[in-house]
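Subject: Structure handover

Hi,

Here is the structure I promised to pass on. Have a look at it first, and my notes follow below.

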Amino acid sequence: MSTDHIDKTPLAANRSAASFLAVGLGWAIGAGFIEGAGLLLFQRINWARWGPMMHVSPEIIWTSPIVDIIIFLIVALICYIAARVAPGLPAMQALVFLLTFLTIYDWLTVTSRLYHRACLLLAFGVAVAFTRWCGKKENSLLQFWRKATPLIVTAWVIVFAAIQGGSWLREQSAAAKLPTAPANAPNVLVIVVDTLRADHVSSYGYSRSTTPNLDRLAQQGVSFENAISTCSWSLPSHVSLLTGRYQFEHGVGAVQPEPWLGWGSKGLGGFPTLGEALEKRGYRTGAFSANRTYFSRDLGFGRGFLHFEDYFHSPSDAFVRTLYGREFARIYLKRSEHSLVKRMLRKLGLTSLLDQDAEGSGSYGGAFGVRKRADVINQEVTTWIERDRQRPFFAFLNYFDVHDPYGAPRDYPRPSWPRQTDIDAYDDGVKYVDDYIGRLMDDLRRRGLTNNTLVVITSDHGESLGQHHLRTHGKALYRELIRVPLLIWYPGHVPTGVSVPRPVTNAAIPATVMDLIGAGPSPASSSLSALWQIGGVPDWPHPLSELAHNAISDKEDQLAKTLVPTASTGAMRSLVTSQWQFITHETMGDQLYDWTLDPTESNNLTQRAEGRAAAGNLKARMNDMVKTRK
Ligand SMILES: [Zn+2]
């Protein structure tokens, strides 16, 4: 069939800068929209691999096109220059070929299930076929893009406004519906320093001066010497910190698939959250998360927060969440510090791209995410606080600087200890985050907020730094994995310099906060305030920790599980008393340690007569507790 009737545009017009721009721009935005939607879709389909994944929220639909625009327009510019320099070259055909190749490769990698080489080969084949098909239709193709590109650009503007403006409007209208807060209601600030084990905090007896700011807050408030987290990894523990419920109640022992229409009230086991309780009392509520793998809106934590900041905190963060950003990170950011790309990025001041996060598939052959540091969390929370000073606020912060990969930012001043071991690097992260907690408190003081703010500081779990043949966390429930700091600072309302030795669960934080702001008792648990009042109380529930069976095991796990019972062979539970830690494993039996005499828990007493009796007693109490608590 002849195509003469549409080939009437002079060749010069086809080779104008406007033509190359229209094709490059429209094509990039179209490809980016589909990439963004695909990433959102496949995040849900691939939810079972949630840990080794980069995560996205609807912002990806307008950020992906931006990256594609930059890349596709560079390609279009090169083709345009080629057309000018050598008019005989089929430059427009070359552009069609390259953009098809880039688009198909991009879309194929959305699934995270195909080999990169297979994607490259398939994209090449499709690009050849499509370019051939387009061969004689150059004019109609250009007419199409000249009409379509302005519409696609308009669509991008509408999508951007709908996503960004929509979340702003939702927050404004929810805030407008809040009831009036009681007069002088205090602000509430809950700080979770992810992965901070208590024995690396100086005021908890650590030999290094890692935490001068936490130490000062401890002197001015109450600290719990034996605070125990409900789990040894982030997700179940954060659910407990916000609902006051144990894992056997909330049931979130692992990532669950996200409902297609959003979590609604179903997330977090359906239990009411501290945020919701405070909203009912007229509080503005905001969460600021640097743990974007397990404390995010995608996992249901948005309920009870009018404002939630997790992903897309910076251009670097937005970039590595797009597919070309992931490719760049996978290929170039894993190279050594001496590589040309890394040296260039450092020279250009793009250092945030080089600050690796645990998020992403970096440990599994893919790309590491970029870290959200404490300075960004501080900036986010203070900006949000300043936006409305009429109402009291509830801010819930997760700092991720202590989590692996260990260490403070590269340009942060070195502490006095050497940097040789994992422990040194871990302590660097502790020192850095402590510094920024100090800076946040100074900032709040300057804004006149410290006179009427209740501050609670804790962690979601500890960390194995080689103890019990383990690294990181989430594999067992030993003391280093569940003993966390717990500080309550509220001048004039809680005593100063009091240290409570009794083991407590930090899932009591919601009940304690509600009690301290004068909102009465909570259905989930008892307020810890009884423990610092004169005389204390004779009996207090022993803190429970739980860890679900976790099938994902790395090489180190394979070795560790032959030496100690780990979650890779079954679920575990632990109970801590003033003398004992009892641990029971689904298939590997029981362990009992006298942590007062054996703080490193190296001597399992279940084979001794007195140990057997205590273990039997504690097992019965644990079973009772799990049966009776509702
Ligand atoms: Zn964590």
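The structure holds 28 aromatic pairs, where rings of Phe, Tyr and Trp (its six-membered ring) pair if their centres lie within 6.5 Å. Before the details, note that this is a predicted model, in which local features need pLDDT of at least 70, side-chain atom pairs count only at pLDDT 80 or more, and totals for chains, interfaces and linings use all residues. Residues are numbered from 1 along each chain as its sequence is written, and side-chain values use heavy atoms, with hydrogens and water left out.

**Ring pairs**

W156 and F160 have ring centres 5.4 Å apart and planes at 10°, so this pair is stacked (planes under 30 degrees apart are stacked, over 60 edge-to-face, the rest tilted). Both sit in helix α6, four residues apart, about one turn of the helix. Helices here are DSSP runs (H or I, at least four residues), numbered from the N terminus. W156 is buried, at 18% relative accessible area, while F160 is partly exposed at 32% (buried is under 20%, exposed over 50%, partly exposed in between, with a 1.4 Å probe and protein chains only).

F328 and Y332 make a tilted pair, 5.3 Å centre to centre with 40° between the planes. F328 is partly exposed at 22% relative accessible area, and Y332 is partly exposed at 30%. There is also a cluster: ring pairs link F295, F301, F305, F308, F394 and F396.

**Helix packing**

W156 and F160 turn up again where α6 (residues 138-176) meets α3. Helices α3 (residues 60-85) and α6 pack at about 140°, with axes 9 Å apart (axes are lines fitted to C-alpha atoms over the stretch in contact, and angles run from 0 to 180 degrees between N-to-C directions). That makes the two oblique to each other (under 35 degrees is roughly parallel, over 145 roughly antiparallel, 65 to 115 roughly perpendicular, the rest oblique). On the α3 side, I61, W62, P65 and I66 meet W156, V159, F160, I163 and Q164 in α6, contact meaning heavy atoms within 4.5 Å. By class, this contact has eight nonpolar, one polar and no charged residues (nonpolar: Ala, Val, Leu, Ile, Met, Phe, Trp, Tyr, Cys and Pro; charged: Asp, Glu, Lys and Arg; the others, Gly among them, polar).

Helices α4 (residues 91-109) and α5 (residues 116-134) cross at roughly 145°, and their axes come within 8 Å. Their contact divides into 16 nonpolar, five polar and no charged residues.

Cheers
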